[in-house]
Every structure is written in structure tokens, then in C-alpha cells.
Amino acid sequence: MVTSIRPSATTVAIIGMGSRGLGLLERLVAHCLTRPAPVTVHLVDPQPPGPGFHLADQPDHLLLNTVCSQLTAFADERMVEGPAPLSGPSLAEWCQERDLRLADDGRTVRVGEGHRIRPNDFLPRRLLGEYLAWAAEAVVAAAPDCLTVVPHRCEAVDVRPGPAGTEVVELADGTLVDADAVFVTVGHHSLYRPAAPAAEPRLITRPYPLPEALDGIAPGERVAVLGMGLTAMDVIASLTVGRGGRHEPHASGTRYVPSGREPGIVLANRSGLPSRSRPYLAPDRVRCAPLALTADAVARLRSRRADGRLDFAADVLPLVEAEMELAYHRTVRARECGDPAAADREFAERVREAGYETLLEECRDRWGPTPLDGILSAAAAAAGRQWADHDAYTRWFTGEVAADLVEARAGLGVSPLKEALEVLRDHRDVLRTAVDAPGLDDASLARFFGEFSTTVNRLVIGPQLDRSAELLALVEAGVVRLGPGPRPKVIAPAGQGPWILESTALLRPASVEADHVVHAHVHEPSPARVPGSLLATLAAAGRIRTLGSRGGPAHGLAVTREGQGIDRAGNTQPRLFFLGPHTEGSSYYNHYVPSPGLPSRALMDAELALSTSLPSVITRKR
């Protein structure tokens, strides 16, 4: 039986109630608390609101890659342009209020057992899921009487144009919802769906959910893990501590004690380069405003292009490199004078007086060159390197990880190198302004979402520093061995034979056999290529299109700056909005939870979409 829900007031539907959908709801509640207006909001998600992919049943060894004080579901006045009447704890504060404590293993969290959770602790992902579920209940409970919340624990299967300028959302149970605006925030939607069958039964193309995806790998077998980023660290943790092994303090730093249930792990990737560790975050670290990489500078460069589209290499990359070099020198200066805030003021004043180019020349004359040359290119970082054999490559690789750990432990505000790299995180919003419409030219779009974003991930979206120390301990224990250098050739088995990884970059060839291969570099597929999903249905109907036609790796949805979908014919869909990871390419780095006390692009995008669709209800500027 089809049930049709007709709007009696302004009606919106939010499809997908993970962190991005929760942000939309929080903004809607905040505005209706400040300026009451009759609104009905339908929340469509088969899962409870809040957690999204941060599932509560994940084991504790699957950690967040952001410290707990930098995660919140509640906006403050510094985060948004609109009102912020709701208040609530950050993840760190929420844990402290409940006396949740972190064990000495750095991952197990229990009530009253271990040390009090600190602002710069990396916590299990399940805790973020529990926190977001609690926050969703708190946000709904705070809604004023004028705002009616209607939950639907069901999947949306289609969105079609409706009568009188509405959108009709069709649910899997047959319910039809008429809405004045629809917001699709389905997040990492493909990871909820079964992976396509692999061509070979011993090939794991998507290692989630963990640890279940790895159950077919038996103790003592050998598994090749392809990739060295966060997914690879999840896989390694699941196959080691997740199987009863443990890391313990040792005179050399960290020692791994095997359980006997581990497989042998071969770790390899295309570049041959390790990911850099996330640095220690001192509570009093000074976050400085950009001096070269500013939104105004990007806007000026855009104004010089006839079509408004930027050449990333010519226009934006020099600003990025200059900002990183300035951050490096400013940290050196802060260490000299003992006052980071004074160093920040000194550099900012000098830029106002003479420009950042003059300041850079003065810094180079005073302190000499930095280790940043070529760091934004994996090809440049590996250029000229040759390894005689597998042992030489292993020594080099572990030496690089150990050297980076020294910088990571020194932390932000102390390590000039880590401060320079943190520019890529601190000023991500400026990079977003470069990607926002009219964006980059086609070649630049391919480069940005190819080599550049991959390099950024390796440099600043790497593992927690404890994970890097544990990787060295696993190599020392013989549980993990490095693959045969960069760009190994992966040869599929013949019959029941093993997988073979052959070197392509060692002077003395080497090879290693494996019983299984895990692709540990998960990429969200094109929204149009997830059979049975809402986005695939909308793409097939021509209501949305992807950026795939421009070539290159960017294949997210084409949307306006306001988040409105663009259809196959190039027309804007005025009442159909898309926010989150599936718009990657139209914007940049859309998969994150907001941080307190800092402008939040996720929440400001939510306000922009809401004010575009509901101008009589939403006022963005205070």
C-alpha cells in the first residue's frame, strides 16, 4: 500500500542521517529556535540518526584519525554564520562527563578504568558513533514546537519532480513524501552495500567491515596488503592486536608480542613511500592565519582567467608552497624567541609592510633552505632514489618512519616540518575556494584529485603516531615485512598457486609470495556506479550527472556552490541538494566531522543550502 505524505507547512527531507545529515538538522533546529517558523523535516535513513559509518559495534583497535577535542556535533558562534543557540559537549567533553577512560594500550576505553581521556587522545571510532547517536537525540529534543521531526527508518529509492514545484521522495516501503526541498547526504553510501564479487576468491577488494572481511585469512598464511594509508593501518591492526597480539613498552620504544594467530603481512604500495604520522597536538598550539594562501589571493587569480577557471600548477600551487615555507620559518623564529604568538604577529606585520615574497627572501637569507623542496610531489620525493636490494629498501623505509616519528613526537608548534605540513589541513578551506565553481580547468582538476590530493593524504592524513611506532615494532618482530620496493608487479595466481609480488625498482630483483591480497586503498566509486543505490537511480534518470566527463579521477556529482544538483542537460535542480563525500570534485575534502571553535565548511554549506531552499525561514548572517 502506498502512503502519501502531503506537506501542511514548509517541508524538507534529509536523506541520510550520518554526521552531514545531522549537521543539516542542527542548523535547521538552531534557526527555528531563533526565528520560529512552521517546518516539517523528514529524516530518511534505515539506520538510527547520527553515527553514519561510525558503527557502534566496531572493535576498539579501529581508531579515529582526529583527536577527540576536535570533533563536535554542536555549532558555536565561531563555526557558523547563523545563530548558535544549541550548546553541547565535544567528543572529548562527552567522554569526560561519563568517566570514560583510556587504557595503557592506547585503544581500549572503559568506564573508570585507565587514565582520564585527554583532549589530544585518538579514540575508538565506536565512541564517535555513540556520541553522534546521543547528539542526534539531543538535537531532536531541542527542536521547538514549530519544527516537526518525522523519522523514517527506511531507505529512499527515488526522488522525482512533484506537483506544484515540489520533490517527491519514494521510500522502499512505498511511502511518498512531498517536500519543498530534498537534501541528499548519504555519505559513504557504497560501503553499506555488498562488495562486487572479486575475480579471485583470495582477493579482498574492500576490507570493510572489519574484522569480518578478513576472516578468510588464516593464522600463518601470508597476506599482501596493498596500500600504506589509514585503511592499511586498519587492516594491520585487525590482523595483529585484533587477533590477540599486543604492543608493550620496551627499551627500544615499543615491542610487539604475537598471539600466534597472526598471518604474515607483506606491506606494499605504488610510491614506495610511507605515510607521515599525525603529530602531537599541544593544547596551547597557536594556529596562524594564512599569509600567502588566502581566499582573496585565489579570488584575484581567478579574476584574471577569462572563464574563471584556475590553473592549479600556475595559480594555486605556488601559494601553497609559499605558505608552507613561511610556516616552517615562523616556527623556527618562534623557537628562537620562545613566543609563538609574537612570531605570528611579527610575520603578519612584515607581510603587511612588504609582502610575503619579501619576507620569504629574508627568511631564506637568515635561516637557509628548508626540507620542503619537492615534498608535494610523490614523484619528486622518490626521484633519484635507488635501492640495491630488498634489505636496503627496508632499512630506508623504516629509517624514514623513525625520522618522521621524531618530528611527530615533537609536535605542532615545535617541529617546523610538521607545522609546514599542517598548512595543508589548517588552510584546507582556501583550497576549497580554488575547487569551488567555476573551479579548476580540466587538466588541473585531474591533477588536484590525482597526485596532489593523494600526496596530501600521505603527508597529513596519515596514521596516529602510535600506529607508526607499532608498525616499526611489527617489522622488528617479523610479523610485517616490506614488499619488494615501489610499484611492485602483482601477478595473480595460476590455479591454486600463490600471488606473486615482483620488484620493479630494485637493482637486484626480488619477489615475494602471498596466499591472499587485500586492496587497502578504498576509493568511493562514482555515484552513478553503485547498482541499486539512490544516486545511481537519479543518475540513470538524468537528474544528476558526475564530473567523470571531464576525465581524470574526479567523479563526484556536479553541484552548484549552493549544493544544488546539475542534471544531464546542464540544468540546475532548484530543490534537490547534495552535500558530502559524493560531491568530491565539485568541492574538496567533504568527509569529516566539524571541529569546535573554528569555521566549519560543512555547517556553513548546510546553511547555504538551507537558505537557498528556504529563504523565508533561514537567515545566514547574524
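Which residues does Phe452 touch, not counting residues up to four places away in sequence? Phe452 touches Phe312, Leu317, Leu376, Leu424, Leu431 and Arg447, where contact means heavy atoms within 4.5 Å.

## About the model

This is a predicted model, in which local features need pLDDT of at least 70, side-chain atom pairs count only at pLDDT 80 or more, and totals for chains, interfaces and linings use all residues. Residues are numbered from 1 along each chain as its sequence is written, and side-chain values use heavy atoms, with hydrogens and water left out.

## The nonpolar cores

A nonpolar core is a set of buried Ala, Val, Leu, Ile, Met, Phe, Trp, Tyr and Cys residues joined through side-chain atoms within 4.5 Å. Buried means under 20% relative accessible area, exposed means over 50%, and partly exposed lies in between (1.4 Å probe, protein chains only). The largest nonpolar core has 49 residues, and the members that touch the most others are Met324, Leu376, Leu424 and Phe452. Two or more residues of this core come from each of the helices H5 (295-303), H6 (312-337), H7 (340-354), H8 (356-367), H11 (416-426), H12 (428-435) and H13 (442-460). H6 gives the largest share, eleven residues. Helices (H or I, at least four residues) and strands (E, at least two) are DSSP runs, numbered from the N terminus.

In H5, the buried residues are Ala297, Val298, Leu301 and Arg302. Seen down the helix axis, they fall within an arc of 140°, so they line one face of H5. The arc is that of the directions from the helix axis to the C-beta atoms. An α-helix has 3.6 residues a turn, so residues three or four places apart point the same way.

The buried residues of H5 are covered by elements that include H6 and H12. On the face turned away from the buried side are the exposed residues Asp296 and Ser303.

## The six-stranded sheet

An open sheet is formed by six strands in the order E7-E3-E2-E11-E23-E22, with mixed pairing. Strand E7 (147-152) and strand E22 (564-566) are at the edges with a single partner strand each, so one side of each has no neighbour in the sheet. On average, neighbouring strands are turned by 30° against each other, direction ignored. Two strands pair if DSSP finds at least two bridges between them. Within this sheet, strand E11 (residues 181-184) and strand E23 (residues 572-578) pair in the parallel sense over three bridges. Val182 stands opposite Leu576 in E23.

Helix H16 (residues 601-613) packs on the sheet and touches E11, E22 and E23. The direction of H16 makes about 160° with that of E11. Axes are lines fitted to C-alpha atoms, for helices over the stretch in contact, and angles run from 0 to 180 degrees between N-to-C directions.

## A hairpin

Strand E14 (residues 246-250) and strand E15 (residues 253-257) run antiparallel and are joined by five bridges. A hairpin connects E14 to E15 through two residues. His247 has Tyr256 in E15 as its bridge partner.

## Salt bridges

The whole structure has 44 salt bridges. A salt bridge is a side-chain nitrogen of Lys or Arg within 4 Å of a carboxyl oxygen of Asp or Glu. One of them joins the side chains of Arg285 and Asp426 (2.6 Å, N to O). Arg285 is in the loop between strand E16 (264-268) and H5, while Asp426 is in helix H11, 141 residues apart. Arg285 is buried at a relative accessible area of 16%, and Asp426 is buried at 13%.

Asp442 and Arg309 also meet in a salt bridge through their side chains (2.9 Å, N to O). Asp442 lies in helix H13 and Arg309 in the loop between H5 and H6, so this pair ties together parts that are 133 residues apart in sequence. Asp442 is partly exposed at 32% relative accessible area, and Arg309 is partly exposed at 26%. Within helix H6, Arg333 and Glu336 are three residues apart, about one turn, and their closest N and O atoms are 3.2 Å apart in a salt bridge. Arg333 is buried at 18%, whereas Glu336 is partly exposed at 43%. Salt bridges with shared partners also join Arg107, Arg125, Asp234, Arg467 and Glu470 into one network.
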